[in-house]
Amino acid sequence: MSPEITKHNGKVHSSPLRSMPPPTSFTPVTPHLAISPTVSVVVPAMNEAENLPHVFATIPQWIDEIVLVDGNSVDDTVAVAKRLRPNVKIVTQTGKGKGDALAAGFAACTSDIIVMIDADGSTDGREIINFVGALVTGADFVKGSRYASGGGSDDLTLNRRLGNKVLTGIVNVMYSTKYTDLCYGYNAFWARHLDVLNLDCDGFEVETLMNVRAAKAGLKVHEVPSHERNRIHGESNLRAVRDGLRVLKTILKEWRRQPAPAQPEPTATPAADRGVA
């Protein structure tokens, strides 16, 4: 264990560094990287049996828990998920909409970190390490951005692109944020902040709600570049005008709502120390 060298009043002082956690407390990711916090991935799905093999193939094996929220599918979504990952946790949605599905999935998670991805093949599970890496080095909430350097989209239409830009600008002005992408479904956060996010919406406005509440609560929000791919099979339930209006309504509603206080970081070993080895 190497000493920590400091200077005080011109004199050199040394003190022993804090011991590293034992190797058994880390989860191998690559030969050069390991993570200590546990990670859950929430996948809301309705009639996505054809897409799940592609989605699950991108989710790293070091993920501790996959929670699939089934929106009462009429195809083999649940059976396919169980075949692909026998230890997958299945949650049957009792309400409707993506927001409701995510709330149910988050409540079922048991890990330190929660990551949300889509079941249509548009989000790449291999990017999860970028989100987790930002969290263990100090962020509270990490949002994917298709507009950050290195990000992109194969799926954004002109109407969706313009709408997202306008809505992102409104949020940045109203909440003093510097977001580049507001309406994207790839996000990750420490589970201890669930009370702050307090999802109470049903539809696709859920991403905006999470981003706004994270900012209002003073969470350290970090963006990472992400590339959105086209849906592989089936048709999206997203409707640009209808859901854009719901997003705008959510933004204005949150302006009048008092933020929930953020949960302090645990007093145990700092996340940055126990997160990367």
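Author: For sorting a lining by class, Asp, Glu, Lys and Arg count as charged, Ala, Val, Leu, Ile, Met, Phe, Trp, Tyr, Cys and Pro as nonpolar, and the others, Gly among them, as polar. The model is a predicted one. On that scheme, the lining of the second largest pocket has seven charged, two nonpolar and one polar residues. The residues in question are D200, C201, E205, L209, R213, R246, K249, T250, K253 and E254. The space in this pocket comes to about 190 Å³.

Two helices, helix 7 and helix 8 (240-255), each supply at least two residues of this lining. Helix 8 gives the most, with five residues.

Helix 7 (residues 206-216) also packs on the sheet, where it touches strand 8 (113-116), strand 9, strand 11 (187-190) and strand 12. The direction of helix 7 makes about 135° with that of strand 9. Strand 9 (residues 141-145) pairs with strand 12 in the parallel sense, over five bridges. One of the bridge pairs joins S145 to P225 in strand 12.

The sheet itself is open and has seven strands in the order 7-6-5-8-11-9-12, with mixed pairing. Its edge strands, strand 7 (89-92) and strand 12 (221-225), each pair on one side only. From one strand to the next, the twist averages 20°. Helix 2 (residues 77-84) lies across strand 5 (39-45), strand 6 (65-70) and strand 7, and runs at about 170° to strand 6.

Key: Residues are numbered from 1 along each chain as its sequence is written. This is a predicted model: local features need pLDDT of at least 70, side-chain atom pairs count only at pLDDT 80 or more; totals for chains, interfaces and linings use all residues. Side-chain values use heavy atoms; hydrogens and water are left out. Two strands pair if DSSP finds at least two bridges between them. Helices (H or I, at least four residues) and strands (E, at least two) are DSSP runs, numbered from the N terminus. Axes are lines fitted to C-alpha atoms, for helices over the stretch in contact, and angles run from 0 to 180 degrees between N-to-C directions. Contact means heavy atoms within 4.5 Å. On a 1 Å grid over the protein atoms alone, a cavity is a set of points where a 1.4 Å probe fits but cannot get out, and a pocket is an open set with protein on both sides within 12 Å along at least five of seven lines; lining residues have an atom within 4 Å of a point. Grid points are joined across faces, edges and corners, and a volume is the space filled by probe spheres set on the points.
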